[in-house]
Amino acid sequence: MRFLKFILSVLLISAITIALLEYGYRNYSTQADRLFKPYYAKANTVETIYIGNSHIGVFNELFPQETKEVGNMSLGGQDIFRMYLALKTIIPQSPNLKKIYLGLDYDLIGYNQCKSGQEYIDREYYPYTGELYNNTMTNRAMSMSNFFRSNRDIGYLFKKQEEKKPLNFIPVASTPVAESKDTVAKEVSAPVVVPHKTHDPFMCRKRAEEHSLLKFKQKNIPENLDYLNRIVQLCNKHHIQLVLFDPPKTDCYRANCSKENIALAKQIIDSFSIANKAPYLDFYTDTTFNDDMFVDYDHLNITGVKILSNKLTAHP
């Protein structure tokens with residue numbers, strides 16, 4: 001009898017704890033919430049969508065959420081499967097959608113977000129897409145939980161969740177050279193000399209190897225090609241122009257990427273593009289983009305984004 005009472009007490013405490021956690025996280029804003037909700041608010045007016053990982057998220061600097069004709073469904077680390085789910089979900093709700101720019105870095109063809117330790121993103125998307133990469137009973141249950149969709153962010157209970165904003169892309173080399181003590185205010189000041197962007201070789205190599213070696217798996221390629229095929233079919237069905245493109249990278253980043261994996265990925269993506277008549281605009285080695293147009297090793301600043309946007313829209 002005592003044992004039964006103990007079991008019942010544990011179950012009661014567990015139920016109360018779960019209920020309190022779900023209530024406490026009822027207003028938690030996930031990354032998926034911050035993508036889908038703003039998009040749905042303007043879905044009827046969106047004509048162009050940018051989608052990809054954080055390399056494509058930088059277009060928010062050029063086209064903020066208030067731009068009614070442009071939507072951005074990009075998320076840091078987003079893989080091709082997640083792009084497919086997002087597009088499958090929002091395209092039927094976008095009556096005026098005409099064009100999709102899909103960022104397809106070489107390494108994405110061998111990358112899987114869930115297998116790289118970010119399965120919680122799967123659970124964040126679930127309320128909107130209704131699908132999971134790992135469609136197990138446990139994962140479905142966790143996907144319906146406010147607490148688990150927050151990725152068990154315990155800190156949220158003790159401090160207000162900060163509003164998530166797009167990355168602040170500060171222009172490169174924006175710090176002027178210190179003024180000399182002898183300098184006196186003049187009617188016309190001389191131009192300020194600013195240093196060029198420099199990169200930490202170690203961190204640059206670490207970033208490049210993370211993408212092209214550690215997270216790139218050849219066994220993921222067939223599956224990713226299938227999701228790309230589904231995206232093409234989805235666009236054809238709804239009469240939407242799909243443009244695939246590879247955003248530029250810095251010299252340092254390219255020099256440290258796996259040459260073997262990059263060559264393999266390029267060959268596969270080029271073949272896919274030709275077979276499916278889907279244009280693939282490759283800016284990987286475009287010399288127009290010098291290091292001063294990046295905020296780090298692989299993300300463009302506002303100057304670089306403007307140039308890339310012009311190159312994309314110049315394509316018929």
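In the predicted model, helix H4 passes helix H9 in a left-handed crossing. H4 spans residues 80-90 and H9 spans residues 221-237; the two pack at an angle of about 20 degrees, with their axes 9 Å apart. Angles under 35 degrees count as roughly parallel, and H4 and H9 are therefore roughly parallel to each other. On the H4 side, the contact is formed by Ile80, Phe81, Tyr84, Leu87 and Lys88. These meet Asn224, Tyr227, Leu228, Arg230, Ile231 and Leu234 of H9. By residue class, the contact of H4 with H9 comprises 8 nonpolar, 1 polar and 2 charged residues.

H2 contributes Gln31, Ala32, Asp33, Leu35, Phe36, Lys37 and Tyr40 to the contact, and H5 contributes Tyr120, Ile121, Glu124, Tyr125, Tyr128 and Thr129. The residues of this contact between H2 and H5 fall into 8 nonpolar, 2 polar and 3 charged.

The cavity search returned 1 cavity of 30 Å³ or more. The largest cavity has a volume of about 50 Å³. Its lining includes Asp105, Tyr106 and Asp107, together with His211 and Ser212. Asp246, Lys249, Tyr253, Cys257, Ile262 and Tyr284 also line the largest cavity. The lining residues of the largest cavity divide into 5 nonpolar, 2 polar and 4 charged.

Conventions:
Residues are numbered from 1 along each chain as its sequence is written. This is a predicted model: local features need pLDDT of at least 70, side-chain atom pairs count only at pLDDT 80 or more; totals for chains, interfaces and linings use all residues. Side-chain values use heavy atoms; hydrogens and water are left out. Contact means heavy atoms within 4.5 Å. Helices (H or I, at least four residues) and strands (E, at least two) are DSSP runs, numbered from the N terminus. Ala, Val, Leu, Ile, Met, Phe, Trp, Tyr, Cys and Pro count as nonpolar, Asp, Glu, Lys and Arg as charged, and the others, Gly among them, as polar. On a 1 Å grid over the protein atoms alone, a cavity is a set of points where a 1.4 Å probe fits but cannot get out, and a pocket is an open set with protein on both sides within 12 Å along at least five of seven lines; lining residues have an atom within 4 Å of a point. Grid points are joined across faces, edges and corners, and a volume is the space filled by probe spheres set on the points. Axes are lines fitted to C-alpha atoms, for helices over the stretch in contact, and angles run from 0 to 180 degrees between N-to-C directions. Angles under 35 degrees count as roughly parallel, over 145 as roughly antiparallel, 65 to 115 as roughly perpendicular and the rest as oblique. A crossing is left-handed if the near helix is turned anticlockwise from the far one by less than a right angle, and right-handed if clockwise.
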